[in-house]
Amino acid sequence: MAELGSKGVTAGKIAINVQKKLTRAQEKVLQKLGKADETKDEQFEQCVQNFNKQLSEGTRLQKDLRTYLASVKAMHEASKKLTECLQEVYEPDWPGRDDTNKIAENNDLLWTDFHQKLVDQALLTMDTYLGQFPDIKSRIAKRGRKLVDYDSARHHFEALQTAKKKDETKIAKAEEELVKAQKVFEEMNVDLQEELPSLWNSRVGFYVNTFQSIAGLEENFHKEMSKLNQNLHDVLLGLDKQYSGNAFPVKAQPSDSTPAKANKSPSPPPDGSPITSPETKTVNHDLEPSTLEAPGASIPKSPSQPAEAAHAGAEAAGSETAAGAEPSKTEADSGSSSLPAVVVETFPATINGTVEGASSERADMPPGFLFKVQAMHDYTATDSDELQLKAGDVVLVIPFENPEEQDEGWLMGVKESDWIQRKELDQCRGVFPENFTERVQ
């Protein structure tokens, strides 16, 4: 009997719940159709909007924080493999072998500690912060249902009061249901009206604490990691000093582009000097313009000036320059002068607008000869149309047959030794990186 009674109670509750859902659905339909008014609370609606925004931002922050932690873990694994590789290639008889092993161990511990502290001080705090939202969200939804029950009871009571044939018993029962629905709704409404603004304001302190923790952990991590990197640098520096005689060859990287050298960029020279153009000259602007000219040197201003006068001026400039070079060398050797050396250029005399001796020299040059350069570093050709250069090689620069094929930083030329021996451009010419050479003429 007790079991049947229990089942009867359960069935009764189910029937009541079903009836409530039907009543609420009917009430919402009437409200949407404008046939029933709806209780509005703009202040509460604003609180709900803030709540939804806060939940959305917190969920996104949690997702991004988990992604960040996954990246830290991945970086830890990558760093671990890299240090393991160093340990494997570091031969036992090399100096600093024990130090590299210790550095690798500390590196692993540092990454592990960093990841664990991020979990404890950021992720777990984030999870706790978001853990309060589901309950409040459920209460907001329940408050909405109770508001519909209250509106429905209010409309039912008003309908009975305005009916032509009044039933006092029904009116009294409806009034009792209205008071009960109103009480339930207002209790939930008051609690949420207090909690939602407080929760909204708490976000500021939470964001501050979370990002301060992350920033502090990162700062300490990078400080400690910097010390380890400095230690590793010192160990490798000691290794380099012991084996300093072994040079590491530097080769220009080949291009994945078309054979016409499209989009090909020159490789930096082995000494790390910047890429410069042969036409670029450095001028010391701190010196007076007059110091750039040798005493007595004269520059022809017009092609009509006699060649003899030009030769005389050039010879005078050369002799006086040579005379002044000896005191300058003495001062440089004694360390008495701190000024940088100034290169004095002398200009050959011209005859009818042509440099004297140039015609005979250019007659032995390849067609279109522009100027000479000398290789400052070895360059290993990576393609069939490139020149193989050794430091000291002189190259005669010539123009490209199709100027559109010339890439920035690359020149076309033929090695002077090949030209002297063979006088054949088609088989000798090739391109080479300009920054591996220096203009000599």
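Tyr-379 is buried, at 1% relative accessibility; buried means under 20% relative accessible area, with exposed over 50% and partly exposed in between (1.4 Å probe, protein chains only). The model is predicted: local features need pLDDT of at least 70, side-chain atom pairs count only at pLDDT 80 or more, and totals for chains, interfaces and linings use all residues. Residues are numbered from 1 along each chain as its sequence is written, and side-chain values use heavy atoms, leaving out hydrogens and water.

**Aromatic pairs**

- Rings of Phe, Tyr and Trp (its six-membered ring) pair if their centres lie within 6.5 Å; planes under 30 degrees apart are stacked, over 60 edge-to-face and the rest tilted.
- The count under this rule is 11 aromatic pairs.
- Phe-114 and Phe-221 are stacked, at 4.3 Å centre to centre with 15° between the planes.
- This pair links helix 3 (residues 97–131), which holds Phe-114, to helix 5 (residues 168–242), which holds Phe-221, across 107 residues; helices are DSSP runs of H or I with at least four residues, strands runs of E with at least two, numbered from the N terminus.
- Phe-114 and Phe-221 are both buried.
- Tyr-379 and Trp-410 form an edge-to-face pair, because their ring centres are 6.3 Å apart and their planes lie at 75°.
- Trp-410 is also buried, with a relative accessible area of 3%.

**Aromatic cluster**

- One aromatic cluster is formed by Phe-51, Tyr-129, Phe-133, Phe-206 and Tyr-207.
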